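Open your viewer and get ready to pick out a few selections by residue number. We will go stop by stop, from helix packing to pockets.

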Amino acid sequence: MDLLKVGKFISEKRKEKKLTQLELAQKLCISEKTVSKWECGKGFPDTSLILPLCEVLGLNANELLSGKTIKDDKEYKETAENNLVELKNTNQRLTKNLLNLEYFIIAEIVLILLTACCVISYVSLPLVWKIVIMGFAVLNTIIGYIFAIQIETKAGFYKCEHCQHKYIPSYKSSSFSMHMGRTKYLKCPKCNKRSWQKKVID
Ligand SMILES: [Zn+2]
């Protein structure tokens, strides 16, 4: 899917409807920044937003996903199938990018913490500097952790081993569950059984 083309098309249609980015965002109960991201081709509407967005812009889903106006039935059918496949691929790609970003954040946290510990242990510095360095490392850890948890609840799903139910865990259960890499020990909201659950992308 050509995100740039879709973004330009959304922007065009929004202007035709004489809406600002903020007005469009308000109609969809999302942030102005999200609309701006779509229009720059840096993101794509969440599946749950595709139909409401089409309604506001006076398009059908097929046109939105193709990034162009579709005139006849034949063209409509041809593009519909391609769009479904591409939508899935695009969502997977965006999810993978987010999950890679999460790895990067975790690596950065560990690196800063280790560096701070080494400096404090082996370099002779006034106490106040040591406190500043440790404070920075702790702050960096907290901020990174908040970002990582947000990604955790946005990208991909967890799948229950017992009933195969796919779901996104809450912030709370995501933060406090035991985990090994991307596998977490979670309670399934459907069958209430606990199991080690793998992250799945779709
Ligand atoms: Zn279950």
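**Stop one: a helix and its partners**

Select α2 (residues 21-28) together with α3: the two helices pack at about 115°, and their axes are 8 Å apart. That angle is why α2 counts as roughly perpendicular to α3. (Under 35 degrees counts as roughly parallel, over 145 as roughly antiparallel, 65 to 115 as roughly perpendicular, and the rest as oblique.) The crossing of α2 and α3 is right-handed, the term for a near helix turned clockwise from the far one by less than a right angle, with anticlockwise being left-handed.

A note before you go on: this is a predicted model, in which local features need pLDDT of at least 70 and side-chain atom pairs count only at pLDDT 80 or more, while totals for chains, interfaces and linings use all residues. Residues are numbered from 1 along each chain as its sequence is written, and side-chain values use heavy atoms, leaving out hydrogens and water.

Helices are DSSP runs of H or I with at least four residues, numbered from the N terminus. Axes are lines fitted to C-alpha atoms over the stretch in contact, and angles run from 0 to 180 degrees between N-to-C directions.

**Stop two: the domains**

Colour residues 3-70 as domain 1, 94-153 as domain 2 and 156-202 as domain 3; such bounds come from an automatic or database domain assignment. The C-alpha centres of domain 1 and domain 3 lie 32 Å apart.

**Stop three: the largest pocket**

Show Phe44, Asp46, Leu94, Leu98 and Lys154, which lie nearest the centre of the largest pocket among its 33 lining residues. (On a 1 Å grid over the protein atoms alone, a pocket is an open set of points where a 1.4 Å probe fits, with protein on both sides within 12 Å along at least five of seven lines; lining residues have an atom within 4 Å of a point.) The largest pocket holds about 1100 Å³ of space. Which helix gives the most to its lining? Select α6, which supplies 9 residues.

**Stop four: the second largest pocket**

Finish with Glu102, Ile106, Tyr145, Ala148 and His179, nearest the centre of the second largest pocket, which has 16 lining residues. The space here is about 320 Å³. Helix α7 gives the most to this lining, with 5 residues, and domain 2 and domain 3 each contribute at least three.

Definitions and conventions
Points joined across faces, edges and corners; volume = space filled by probe spheres on them.
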